[in-house]
Amino acid sequence: MSYKPQEHDWLSYLYGELEGVEREKVEQYLLTNAAAREEYESFKRLRGVMSSVSDKEVIAPPIFVGDNSRQVYFWQSSVFKTVMSIAATLLLLMIVGRLTDIRVSTAGNQFTLSFGEPTKPQREVPVQVASINAEDVQKMINTSLQQNNAAMQTSWNASQEKLDASIRHNLATNSGKIDRLVREASTASQDQIRSYVTSLQTENVAMVKNYFELTNSEQKEYIENLLVDFAKYLKQQRNDDLQLVETRLNSLEQNTSVFKEETQQILSSIITTVGAPVQTKETKY
Amino acid sequence: MAETLVDIAMMHSDTLITRAKQGDQNAQGKLVQLWYKRIYNFSYKFFLDHDLAMEATQKTFISMCRSLAGLQDVARFKSWLYKIAVNYCREEARRRKGSRALSFDIVWNKEAEDSPQWEGSGHRHHNPESQYHQSELSEILQEALLELSEEQREVVIMKEYEGLKFREIAEVLNISENTVKSRMYYGLDGLKKILEKKNLTKDTLGYEL
């Protein structure tokens, strides 16, 4: 059979939309073709699986639709609304301007926006600059420099005076203190110095004595410990030597016994070797 | 898919549509009530996002009420309505793509947290474990749907979940029936591969089918 269903026949059959001869042809084809049958079954299975997706419940909300047939009047048109809103804005601006007395004026290159009558700005006293020439400027600079120099000189002088006064004051204070100290030192009596020196000597003697005592006892202890350690060392050394000698003696003894055994073995083997040919000779004859 | 009273009402709503077409607001309201759930679910599966789905659905019905008078053939109301919905979904998707990247994880987690699937559709499963598996499977499937291309996704949703015929889908999308079937074929094939990649084979699904 050369018939092979087309893709669209195939799907129509799957969804039960194929009728008549075409349907029979596809059914026949499926009966004879195992691979096609398997594919058909797989699609059927897929449809079975897909049917497990259920619908979601939903409540229809009320839908309000504007009546399109209603006549649209001129004042409802968007153009009218736009024009009216612009007019309303302008009117509002005018009312606000009237209430706040906004004045807008342009004079020369000035734009002025003011609330109420604009107040005249106070004129500054004009500085006459027209009659000044280079010499005057030079004079003014010189005068200014002189004034400045004079002011600086005065300031320096004042600072110098202040510094001198401060140094003088400090010197006076410090020298007073030093004098007082020297005076105090010179008033100390000879006895006081002697007693101070004596006490210093006594303290030194005691300190040296303590130091020597302490050093002696420490040295003694150290020497004792050293002697004990040395004795221990000697004892240990002696024990080790004894053990060594003993081990050597044992080893010598073992060697001697081994040598003895070996000698005996050699002797016995010589004896047996010497005795054997005599017997063989005897058996030959 | 078992037909409910609403489905039957939707199929026999010619008179209602004619009245709505003539400007009867009551009839329009009833049409909205009848079709709202379908259009919302289509949009929801398209976006996997409640807010976006609500927005697209509301726009669809506002547009429906405004332009119903221009509907030529009442019998084609269904495909006409889905056409509006598809256009709004595409427009919304374009807008969202341009303004912000919709993180799938965020959407997914948000959905998982906000509204567990078993709350809305627990009519078939009495066993909580089975209910849980069902909801898990549903989530995986919707995730897989979102991985399809927009063209394939809208065809698969319309065919598989909205039950439109291939002819109706072709009308909605203004393409040939064969193109619809081709998109459907590749869409299903793509879904199969995605599910296999997620280890959702027939063996693992045995208990679900």
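User: Which is the crossing of α2(B) and α3(B), left-handed or right-handed?

Analyst: This is a predicted model, in which local features need pLDDT of at least 70 and side-chain atom pairs count only at pLDDT 80 or more, while totals for chains, interfaces and linings use all residues. Helix α2 (residues 14-21) of chain B packs against helix α3 (residues 25-47) of chain B at an angle of about 130 degrees, with the axes 7 Å apart (axes are lines fitted to C-alpha atoms, for helices over the stretch in contact, with angles from 0 to 180 degrees between N-to-C directions). A crossing is left-handed if the near helix is turned anticlockwise from the far one by less than a right angle, and right-handed if clockwise. The crossing of α2(B) and α3(B) is left-handed.

User: How many residues of the contact of α2(B) with α3(B) are nonpolar?

Analyst: The two helices are oblique to each other (under 35 degrees is roughly parallel, over 145 roughly antiparallel, 65 to 115 roughly perpendicular and the rest oblique). From α2(B) the contact takes B:L16, B:I17, B:R19 and B:A20, and from α3(B) it takes B:A27, B:Q28, B:K30 and B:L31, where contact means C-beta atoms, placed from the backbone, within 7 Å. Ala, Val, Leu, Ile, Met, Phe, Trp, Tyr, Cys and Pro count as nonpolar, Asp, Glu, Lys and Arg as charged, and the others, Gly among them, as polar. This contact holds 2 charged residues and 1 polar residue, and its nonpolar residues number 5.

User: How is α9(B) oriented to α11(B)?

Analyst: Helix α9 (residues 150-161) of chain B and α11(B) pack with their axes 8 Å apart, at an angle of about 95 degrees. That angle makes the orientation of α9(B) to α11(B) roughly perpendicular.

User: How many residues in the contact of α9(B) with α11(B) are charged?

Analyst: On the side of α9(B) stand B:E151, B:Q152, B:V155, B:V156 and B:K159, and these meet residues of α11(B) that include B:V180, B:R183 and B:M184. By class there are 6 nonpolar and 3 polar residues in this contact, and the count of charged residues is 3.

User: What percentage of the residues of chain B count as buried?

Analyst: Chain B has 11 helices and 0 strands (helices are DSSP runs of H or I of at least four residues and strands runs of E of at least two, numbered from the N terminus). Among contacts in this chain between residues at least 6 apart in sequence, 63% join residues at least 24 apart. A residue is buried if 20 or more other C-beta atoms, placed from the backbone, lie within 10 Å of its own, exposed if 12 or fewer, and partly exposed in between. Of the 209 residues of chain B, the buried share is 33%.

User: What is the pattern of chain A along the sequence?

Analyst: Residues are numbered from 1 along each chain as its sequence is written, and chains are lettered from A and ligands numbered from 1 in the order in which they are written. Chain A has 285 residues, of which 5% are buried. Its 6 helices and 2 strands follow the pattern α-α-α-α-β-β-α-α.

User: Which helices do the buried residues of α1(A) pack against?

Analyst: In α1(A), 6 of the 8 residues are buried, so this helix is largely enclosed by the rest of the structure. The buried residues are A:H8, A:W10, A:L11, A:S12, A:Y13 and A:L14. They pack against α2 (20-32) and α3 of chain A, together with α10 (166-173) and α11 (177-197) of chain B.

User: Which helix gives the largest share of the side of chain A that touches chain B?

Analyst: The contact between the chains takes 24 residues from chain A and 36 residues from chain B. On the side of chain A, α1 (7-14) and α3 (34-50) each supply at least two residues. The largest share, 7 residues, comes from α3(A).

User: Which residue of β2(A) stands opposite A:A107?

Analyst: Strand β1 (residues 102-107) of chain A and β2(A) run antiparallel and are joined by 6 bridges, two strands being paired if DSSP finds at least two bridges between them. They form a hairpin with 2 residues between them, and A:G108 in the turn has a positive phi of about 60 degrees. Strand β2 (residues 110-115) is hardly covered, with 0 buried residues among its 6. The residue of β2(A) opposite A:A107 is A:Q110.

User: Which does A:D101 count as, buried or exposed?

Analyst: A:D101 lies in the loop between α4 (78-100) and β1 of chain A, and its phi is near 55 degrees, a positive value in a residue other than glycine. With 10 C-beta neighbours inside 10 Å, A:D101 counts as exposed.

Note on methods: Contact = placed C-beta atoms within 7 Å.
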